[in-house]
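I opened the model today to look up sheets, cavities and aromatic pairs. My notes are below, one topic at a time.

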Amino acid sequence: MLFCLSALCASAQVSGYSGSRIFWDTASRRTVFNGGGYARIIELQDGRLMAVCESGGIKIAFSRDKGSTWGSATKIVSNPAGISECVPDLIQLSDGTIIVAYNPRPTAPYSEERKFGIRCKRSTDGGQTWSDEIFVNDALHTFADGCWEPSMLELPSGELQLYFADEGPYTSNNDQQISMCRSFDGGLSWTKAAKICYRQGFRDGMPVPVLLKDQSEIVVIIEDNGWGYGDFFPTTVRTTLQNNWHDGYWVTAGDKNREKTLNLSYCPTATGGAPYLRVLPWGETVMSYQSAYERGGKNQMRVAVGNEQARDFKAMSVPFSIGSEEQGLWNSLAVIDTGIVVAVSGIGGNIEMMKGYPVRQLTAPYAKPTVDGKLTAGEGYKTRTATQIMLGTQTGTRVTADMAYDRDSLYLVTRVSDRTQVASGANADGVTLMLDVSGQVTSAPEEGCYKLMLRPDGTFYRLQKGSNSSWKTADKSTLPLRCAATQGSSYYIIEVAIPWSSLALSNPPTDRRLAFTLECTDNRSGTVYTETIPDASQMRPYTWMEMRLGEMTEETGIEAYPLQPTPNPSQRGGETYDLLGHKVNSRSSLLATPSSKILIHNGKKYVTR
């Protein structure tokens, strides 16, 4: 019996979720190109964003405000007679040179002098003028034996690599491999193509390469239809930077360096094509792909977050809320600024973008908001507009939320954009917040887990507490909330204070791990839509987001001393990041600002803002 009990306890031990979740800001959705497809965006060294797409040739556009507005499109490559210039990629080299690569595709009837190929153009003046066309590679002249989809990577040595899908070597079957050409003079000239990966009898395609943050490996994400699912599957192939595909090395079908990115048991939406991969400033990786899973053959962009080795992709999210008859095609990602992810998708014949914010850990700063159901600047929530959490891409109902705390209570404010509010009944609209104050990582709801359901008018509808791995309905009077709400015709705001004492805590738990998640329910014409934080499950508290309370601050007026701004101690690779995973500079800190002071009271030091 003791052995069985020990085994049971061991099986319940779990690790807390440590990866980032991406909160997509639906208010940031913008049209980059009116018309076009297969777009890519990068951030230039001067801070501008540059976009490229195919649209009767190859077009580019620039943004000077991180994508809020875009200038007029300029065509830099026109279609020759009988050829469509397609699927562009772009890169800025360390010396500032911008290169756009693209894919000439002959149109039928085919002729031998018009070949499928890869070409590029260079700009050394920030995209104002462009070189003549530069030859990279040619395949054959027929559609069945072409080459496709260029994508580039610059190595620390200055070597430039261009990867592409290549049918040229397989004229007697339908196979396809990934090939790569190298340039050692900034894209002016290129080596012959070398094989990177190949699965006999199948079609490795659409490569996108990255160099990991620690520069240990080159990882190329591809679509691979040879796993036995009857569909493409986002897959990685890799080599060490030291090896760098030399000595004839390429990844075979059974090579340990060919790996699926997703686990189908975790993510049934894992199959699909057109993958894309990028590296976040602190090392985590983020991938996208298009999937028609449960969409009647209509593709939609999906995004997942991987670890620093481009493995263990989780936290699946859908950036763009689109109609059942719409598609999100030939998508890509960009990482800009201090780690903002930009999703790019072809929707309805146009190119759309949206910003997402990767967050590993939530923070409740020390403050004392007024619980009045209003969003008031300066109340002390983590973000100025109370948008530490953003949801709404799955349901189309925009939800924002933020937290704060003081000695007495934990505060939450949430704003829900909803034009069809249902205020009563079992399927009424509302928000559900879940909190684990046990300080443990629990696999199921146990003592210390709380679930609070709130209606749009601020009514505390139901309280449930964790017990014996399940939720038990409890008397609401045991958790006396202070709650206020504001309702408009198209939105509602709920603000709530949860006393620490009601959570069986005598003091704010600044020294322990808390876990938090939020869920929004929207009843539209009898159909109930629900959205929660990516990968967070009501029944699995270990999947909730870790939340930490910020440094407790008090202002007593006793012995005040100036305090210089202090970097946040979260250091990664010699750079400094805040608890949201965003890089901070010497004038930016969670701990202090230029006006901060140290106050000493009863032998303790407090930091004020």
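The entries that follow concern a predicted model.

**Entry 1**

I then checked how strand 18 is held to its partner. Strand 18 and strand 19 (residues 285-291) run antiparallel and are joined by five bridges.

How many residues of strand 16 are buried? I count seven of the eight residues in strand 16 (residues 233-240) as buried, so I have this strand down as mostly covered.

Next I looked up its pairings. Strand 15 (residues 217-224) pairs with strand 16 over eight bridges, in the antiparallel sense. Within that pairing, Ile-221 has Thr-236 of strand 16 as its bridge partner. Strand 16 is also joined to strand 17 (residues 258-260), by three bridges, and these two run antiparallel. Here I noted Lys-260 in strand 17 as the bridge partner of Thr-235.

**Entry 1: cavities**

Rolling a probe the size of a water molecule over the atoms shows where empty space is left. The structure has two cavities of 30 Å³ or more.

The largest cavity has a volume of about 60 Å³. Its lining includes Ile-22, Phe-23, Trp-24, Met-390, Leu-391, Glu-531 and Thr-532. Strand 1 (21-33), strand 26 (389-391) and strand 36 (527-532) are the elements that give two or more residues to this lining. Strand 1 gives the most, with three residues. By class, I have six nonpolar residues, four polar and one charged in the lining of the largest cavity.

The second largest cavity has a volume of about 50 Å³. Among its lining residues are Tyr-38, Arg-40, Asp-89, Glu-149, Met-206, Pro-275 and Tyr-276. Strand 18, from my first entry, supplies at least two residues here, as do strand 2 (37-43), strand 10 (147-154) and strand 14 (205-211). The lining of the second largest cavity divides into seven nonpolar, one polar and three charged residues.

**Entry 2: aromatic pairs**

I searched the whole structure for aromatic pairs and got ten. Tyr-170 and Tyr-198 are stacked, at 4.7 Å centre to centre with 15° between the planes. Tyr-170 sits in the loop between strand 11 (160-166) and strand 12 (177-183), and Tyr-198 in the loop between strand 13 (194-197) and strand 14, so this pair ties together parts 28 residues apart in sequence. Tyr-170 is buried, with a relative accessible area of 11%, and Tyr-198 is buried at 10%.

Why did I list Trp-471 and Trp-544 as stacked? Their ring centres are 6.3 Å apart and their planes are at 5°, and planes under 30 degrees apart count as stacked. The pair links distant parts of the chain, 73 residues apart: Trp-471 is in strand 32 (residues 470-474), while Trp-544 is in the loop between strand 36 and strand 37 (545-549). Trp-471 counts as buried at 12% relative accessibility, and Trp-544 counts as buried at 0%.

Last, I noted one aromatic cluster formed by Tyr-110, Phe-116, Phe-143 and Trp-148.

Methods. Residues numbered from 1 in each chain as written. Predicted model: local features only at pLDDT ≥ 70, side-chain atom pairs only at ≥ 80, totals over all residues. Heavy atoms only, no water. Pairing = 2+ DSSP bridges. Helix = DSSP H or I, 4+ residues; strand = E, 2+ residues; numbered from the N terminus. 1 Å grid on protein atoms, 1.4 Å probe; cavity = no way out; pocket = protein on both sides within 12 Å on 5 of 7 lines; lining within 4 Å. Points joined across faces, edges and corners; volume = space filled by probe spheres on them. Nonpolar A, V, L, I, M, F, W, Y, C, P; charged D, E, K, R; others polar. Buried < 20%, exposed > 50% of the residue type's maximum accessible area, 1.4 Å probe, protein only. Phe/Tyr/Trp six-rings, centres within 6.5 Å; stacked < 30°, edge-to-face > 60°.
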